[in-house]
Structures are given as C-alpha cells and as structure tokens.
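Please read the following note with the sequence and the model side by side. The points are numbered so that each may be checked in turn.

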Amino acid sequence: MQKCGAIPERKDVLGDHLYSLVVSLNVTADEAAKVTGMLLEMGNNEVLRILQDKKLLQVQVKAAQGALKRRSDCKTFDNEELAEKLYQRVEDQEQDNCAKITGMLLELDCDVIEKLLLSNKDLDVAISKAKACLDNNENRSQVTDRGKDEIGEELFDKVVEIYPDLAAKITGMLLEMNVESLKVLLTCPQLLKEKVDMAYKALLNTSS
C-alpha cells in the first residue's frame with residue numbers, strides 16, 4: 001500500500017484518490033461520488049487511514065453504501081407510510097394541532113420517526129416539544145410572521161390547484177417547515193408535489 005507520507009493531504013486531492021479506490025471496488029460512478037463525499041466528512045486523518053488500509057476502506061465503503069440504501073429506501077417506500085402512522089398517533093393526543101405537529105415531526109429523520117412510533121414515552125415527549133414550539137411561535141416577531149404568512153398564501157395557492165378540498169390542512173402541515181425549506185419548495189415544483197402528496201395521503205388515510 002501507499003505510505004501516508006506519499007499521499008497528498010489537500011482535501012480535493014484526497015477526494016480524487018479516495019474516489020478512484022472506491023470505484024475500484026466495483027461501485028458505480030454515481031454511488032462512488034456519494035460514498036466519497038460521506039467518507040470525506042470523517043476528516044483528513046481518518047481518510048488517510050482509509051487510503052492506507054484496504055480492509056478499512058472496504059468496511060467504510062460498505063457502511064456508507066448501507067446508509068445510502070437506508071436513505072433511499074426511506075424516501076421511496078417508508079415516507080408515506082410513516083406520515084400516515086404518525087398522523088394517526090398524533091391525532092390521538094392533539095386533535096386541534098395534529099396537522100401542524102405531524103408536519104413538524106416529519107422533518108425528523110425516518111429512523112427517528114420509526115423509534116418514536118415504537119415508544120409511547122418518546123412520542124409523548126416529541127409531541128410536547130412540538131406543541132411548546134407552536135406556543136412559542138405565537139410570540140415571535142410580527143415581521144417573521146408576515147414573511148411566513150406571505151409564503152403561506154403563495155403555498156396555499158399552489159396546493160389548492162392540486163388538492164382543493166384539503167388545501168388548508170396540507171398547507172398548515174407544510175408551514176411547519178422552516179422558511180428556507182419553504183422557499184425551496186416554492187421554486188421546485190417536483191419537490192413541492194412530493195411533499196403535498198405525502199401530506200394528502202396521510203390526511204386521506206386518517207379520514208377513510
């Protein structure tokens with residue numbers, strides 16, 4: 001193996017070197033780029049160790065691939081089901097604010113949501129925190145509120161074109177996202193449609 005002293009320490013050069021080794025493990029170019037990015041987040045010292053130890057490289061690449069697969073599976077299969085289950089559980093405790101609280105909790109990673117659904121205690125804590133956050137939101141500055149209100153109006157106009165009957169509830173769920181995320185939704189029709197569909201299916205499932 002190449003010695004540490006012979007390996008450049010600039011992050012971009014390390015990345016190129018690491019990428020070539022990841023590809024050599026029969027990883028597709030697209031996945032290799034993602035895996036390389038994940039490994040580079042570990043820091044130069046750890047990357048240098050990986051570059052000098054093929055076994056460690058294989059272990060770390062496999063772990064990164066597993067993480068990528070979980071993310072992919074979560075996005076393509078679990079999101080809608082999780083949203084439906086979460087909405088039902090939140091509605092049992094907070095009927096008045098269930099849409100808003102569900103929207104807030106859906107910002108969490110899928111793994112975290114799954115754990116909440118398995119633990120009544122943890123879910124109770126999460127709902128309490130979300131409710132407290134909602135209460136705090138009422139005391140925020142009017143400037144911030146006006147900014148979000150304007151986004152809400154624009155968001156509602158877009159949602160009502162897709163699901164007019166549930167536009168208000170869906171918009172309420174989406175408005176629990178932060179302002180920057182909402183701005184992204186308004187500029188990305190495909191992402192907006194995905195979020196709206198997810199909220200719609202959660203609401204539809206609970207009302208059927």
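1. Lys34 and Asp30 are 4 residues apart in helix H2 (residues 29–40), and therefore about one helical turn separates them. Helices here are DSSP runs (H or I) of at least four residues and strands are runs (E) of at least two, both numbered from the N terminus. The two residues form a salt bridge, with the closest N and O atoms 3.6 Å apart. A salt bridge requires a side-chain nitrogen of Lys or Arg within 4 Å of a carboxyl oxygen of Asp or Glu. Lys34 is partly exposed at 46% relative accessibility, whereas Asp30 is exposed at 54%. The cut-offs are under 20% relative accessible area for buried, over 50% for exposed and in between for partly exposed (1.4 Å probe, protein chains only).

2. The model is predicted, so local features need pLDDT of at least 70 and side-chain atom pairs count only at pLDDT 80 or more, while totals for chains, interfaces and linings use all residues. Residues are numbered from 1 along each chain as its sequence is written, and side-chain values use heavy atoms, with hydrogens and water left out.

3. How many salt bridges does the rule give? The count comes to 4. One of them joins the side chains of Arg49 and Glu46, at 3.0 Å from N to O. These residues lie 3 apart in helix H3 (residues 44–52), which again places about one helical turn between them. Arg49 is partly exposed, with 47% relative accessibility. An α-helix has 3.6 residues a turn, so residues three or four places apart point the same way.

4. A further salt bridge links Lys131 with Glu94, whose closest N and O atoms are 3.2 Å apart. Lys131 belongs to helix H7 (residues 120–137) and Glu94 to the loop between helix H4 (54–93) and H5, so the pair ties together parts that are 37 residues apart in sequence. Lys131 is partly exposed, with a relative accessible area of 33%, but Glu94 is buried at 16%.

5. Is helix H5 enclosed or open? Of the 8 residues of H5 (residues 98–105), 7 are buried, so the helix is largely enclosed by the rest of the structure. The buried residues in H5 are Cys98, Ala99, Ile101, Thr102, Gly103, Met104 and Leu105.

6. On the surface, Asp149, Glu150, Glu153, Glu154, Asp157 and Glu161 gather in a patch of negative charge. Such a patch joins like charges within 9 Å, using residues with over 30% relative accessible area and no salt bridge. Asp and Glu count as negative, and each charge is placed at CG of Asp or CD of Glu. Asp157 lies in helix H8 (residues 142–162) and is partly exposed at 46% relative accessibility.

7. Most residues other than glycine have a negative phi. Asn26 sits in the loop between helix H1 (11–23) and H2, and is exposed at 75% relative accessibility.

8. As for the whole protein, it has 11 helices and 0 strands. Of its 208 residues, 37% count as buried. Among contacts (heavy atoms within 4.5 Å) with a separation of 6 or more, 64% come from residues 24 or more positions apart.

Key
Patch = residues over 30% accessible without salt bridge, like charges linked within 9 Å, V, L, I, M, F, W, Y side chains within 5 Å. Areas by Shrake-Rupley, 256 points an atom, 1.4 Å probe, with all protein chains shown as cover.
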